[in-house]
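Have a look first, then read on.

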Amino acid sequence: MERPTALTGIKPTGHPHLGNYIGAIKPALEMAKDNTSQGIYFIADYHALNSVQDRKKFKEYTYEIAAAWLSLGLDPEKVIFYRQSDVPEILELHWILSCLTPKGLMNRAHAYKAKVEENAAEGNDSDAGVNMGLFTYPILMAADILLFNSDKVPVGKDQVQHVEIARDIADNFNRTFGEAIKLPQYVIEEETAVIPGLDGRKMSKSYGNTIPLFAEEKALKKLVNKIVTDSTPPEEPKEVKGSSLFTLYKEFAAAPEAASMKEKYKQGIGWGQVKKEIFEVMNRELSEPRQKYYEYLDNKQEIDKILERGAEKARSIASLQLKKIKEMIGC
Ligand code: ADP
Ligand code: TRP
């Protein structure tokens, strides 16, 4: 029996931060470990193009995401790892799927809807600041997924709607031309916490509250010290539930360490001490990947080579599926 295919992508829209690692990279790598599925991982650079329109940044963020995956343990021999723009079959399928997608489905997609609502609140034209790439973003994502007949798509909660849209589009195709495309299933990790940023809100590039995943030791220490806390005195017992410091600690600590921290919260511990311990576990877990990350970034030809080889593997699968689909359409 063939192994099921699990596919996921990350768009290179900024420096990778701790939230991206815990919410997206770490669970995807875990999934690759058990070898029960064929992992397909890619850098969704064409998805980033609707917002990153600066050549230098576009290139740099792409390399950073690639270096992040590789330094955190992605094995390009075991999985298929490529840059989206190196697989032109995706764009061909994107057009075909566009013709099978009702416009109304895109009107309901959350990224576009949020922008329209924001425009309404500010009294702007409803489509101000919306390019067609943003509007049809879910169709490109459907092409990414459906071209590889993906079974599972591990994503964050914010991406569930997009996978559902991909299913709808696949179903439209199958009903129009006959069964050719598998309906994918999203996989979300309920367990994975929303990682809080420096100000306590969700860590996000859009809020400017991130801790870069590969910040150098000194900078990392400084940033951890900057996380906002309340003024509860050290000796007062504290709740781990809802504590953003504890959430961060737990993600990097071993289970007994987390249990012991929980105990310290009960007994009373100062926020300064908690931050010190957060820095220690984070630095312990991230120092080796950090070193590898900068080695990769100093050796971009190596990244290019890995991605090119991955694209060859991806295209050998993609071209067969595209051929089948085109034949069914009558091309
Ligand atoms: P950002 O909010 O910084 O723009 P993205 O939207 O590019 O991040 O997210 C990329 C991936 O990282 C998504 O799968 C998303 O669910 C995950 N992610 C981003 N921020 C966090 C966070 N604070 N906690 C958990 N996961 C996150
Ligand atoms: N849209 C996803 C995000 O913003 C990235 C992405 C693009 C993706 N294509 C995908 C994720 C296909 C899973 C499968 O995070």
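Q: Which residues does Asp144 touch, not counting those up to four places away in sequence?
A: First, a word on the ground rules: this is a predicted model, where local features need pLDDT of at least 70, side-chain atom pairs count only at pLDDT 80 or more, and totals for chains, interfaces and linings use all residues. Residues are numbered from 1 along each chain as its sequence is written, chains are lettered from A and ligands numbered from 1 in the order in which they are written, and side-chain values use heavy atoms, with hydrogens and water left out. Contact means heavy atoms within 4.5 Å. On that basis, Asp144 touches Leu7, Phe42, His47, Gln84 and Ile90.

Q: Is Asp144 buried or exposed?
A: Asp144 is found in helix α8, residues 137-146 (helices are DSSP runs of H or I, at least four residues, and strands are E runs of at least two, numbered from the N terminus). Buried means under 20% relative accessible area, exposed over 50%, and partly exposed in between, with a 1.4 Å probe and protein chains only. Asp144 comes in at 2%, so it counts as buried.

Q: Which side chain makes a polar contact with the side chain of Asp144?
A: A polar contact is a pair of N or O atoms within 3.5 Å; within protein, one must be able to donate a hydrogen and the other to accept it, and residues adjacent in sequence count only if both atoms are side-chain atoms. For the Asp144 side chain, the pair sits at 2.9 Å, and the partner is the side chain of Gln84.

Q: What does UniProt list for Asp144?
A: UniProt positions are in the numbering used here, feature names are shortened, and annotations may be inferred rather than shown by experiment. The entry is unreviewed, and there Asp144 is listed under "binding site".

Q: Where is Asn209, and what is the polar partner of its side chain?
A: Asn209 is in the loop between β5 (185-187) and α10 (217-226). Its relative accessible area is 2%, so Asn209 is buried. Its contacts include Gly197, Leu198 and Asp199. The side-chain polar contact, at 2.8 Å, is with Asp199.

Q: What is the phi of Asn149 near?
A: Most residues other than glycine have a negative phi. Asn149 lies in the loop between α8 and β4 (152-154). Its phi is positive, near 45 degrees.
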